[in-house]
Amino acid sequence: MELIRILVTRSRPYAGYVAAVVVLVMASRWLSALPARDLAQAARVFVATFATLLQQQPGNVMARLRRGEVLMRMGNDTESRQEIDRVLRLAPNAPLGIFMSAMLHARTANWQAVDEALQRIQGQLPNIPDGLLLFATAKRALGQLEQAEDAARRHVARRPEDPRGAKLLAMLEMQRGAADAAAGTLDRLAQRGAADAEAYDMLGRAHAAAGRRQEALEALAKAAELMPDNAAVLASIQAFEPNVLLVGMGMPRQEVWIADHLDALPDCVVLNVGAAFDYEAGVQKAAPRWMGRLGVEWLFRLIADPKRLFTRYCI
């Protein structure tokens, strides 16, 4: 990092662009490789370094993009937005500038703005890391599920080892009732050795929805192996000392977990909330209020997800 600072601050004007290239390459590589404990310090150094570089070359679009990226990683969205806005004033059609603007909109869940920005560079999204993934996420949030699934499928084709894309694609496949397709997507991810605990949990649910009990149990067992140890989870809950603890694991897992660990939980109100997190996140649609008042909310959920809920509600 000291080498980069010296290179930028002491480089002669004619060597400025060489220095810029070296800084940008080293910054990207180092930031992605650093452990979390060193990331914040390194990021501050790079932000200061880019500021020095930009004093010499205020029109250096790539340097401004990288500075905006580092600021975003630091959680400083305000300054990152200012930097990206400067980029778009210098180069209104710069694909990376438009994409990073969309990323900042995504951090505030302004999905309409994300979609509008990405539409401008739709043809270039496959060449931008996570471009198709962000596009699929925005389309899903806007309820445009066919376009979301198409973008997610293209992302998975280009990056089959990325669990984020496979999980998003499987989620979209499950939403349209294609449990077999979702299981296939997640099975391929697992075969590549890239599935995490969440992916195995989703795989278990997909197998269960398709009526494959044994495969579902095996996938859920693998998910349990990969999930954080219960002792660590309980320790973090105890350290936080909540007044109210919401447990949303789905029935009957959440009830069993609460019963098994009630004595180890802090003195607080414990509520099993089922799909409440999914409703709040927009993953599932809640039943109309009038159905809840009439006591037939279960019917709405059964119609929305018959494969998963038929056994629970009808047998």
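How many residues does helix α6 have, and how far does it reach from its first C-alpha to its last?

**Entry 1, ground rules.** I'm looking at a predicted model, where local features need pLDDT of at least 70 and side-chain atom pairs count only at pLDDT 80 or more, while totals for chains, interfaces and linings use all residues. Residues are numbered from 1 along each chain as its sequence is written, and side-chain values use heavy atoms, with hydrogens and water left out.

I looked up α6, residues 95-107: it has 13 residues and reaches 19 Å, close to the 18 Å expected at 1.5 Å a residue. That expected span is 1.5 Å times one less than the number of residues. Helices here are DSSP runs (H or I, at least four residues) and strands are too (E, at least two), numbered from the N terminus.

I noted G97, I98, F99, M100, S101, A102, L104 and A106 as its buried residues; buried means under 20% relative accessible area with a 1.4 Å probe, protein chains only. Their cover includes α4 (61-73), α5 (77-90), α7 (111-120) and α8 (131-141). After α6 comes A109, with a positive phi near 60°.

I find 19 helices and two strands in the protein chain. Of its 315 residues, 38% count as buried.

The mean pLDDT (the predictor's confidence in each residue, from 0 to 100) is 81, and 80% of the residues reach 70 or more. Over residues 1-26, though, pLDDT is below 50. Where pLDDT is low, the predicted coordinates should not be read in detail.

Terms used: Buried < 20%, exposed > 50% of the residue type's maximum accessible area, 1.4 Å probe, protein only. Contact = heavy atoms within 4.5 Å.
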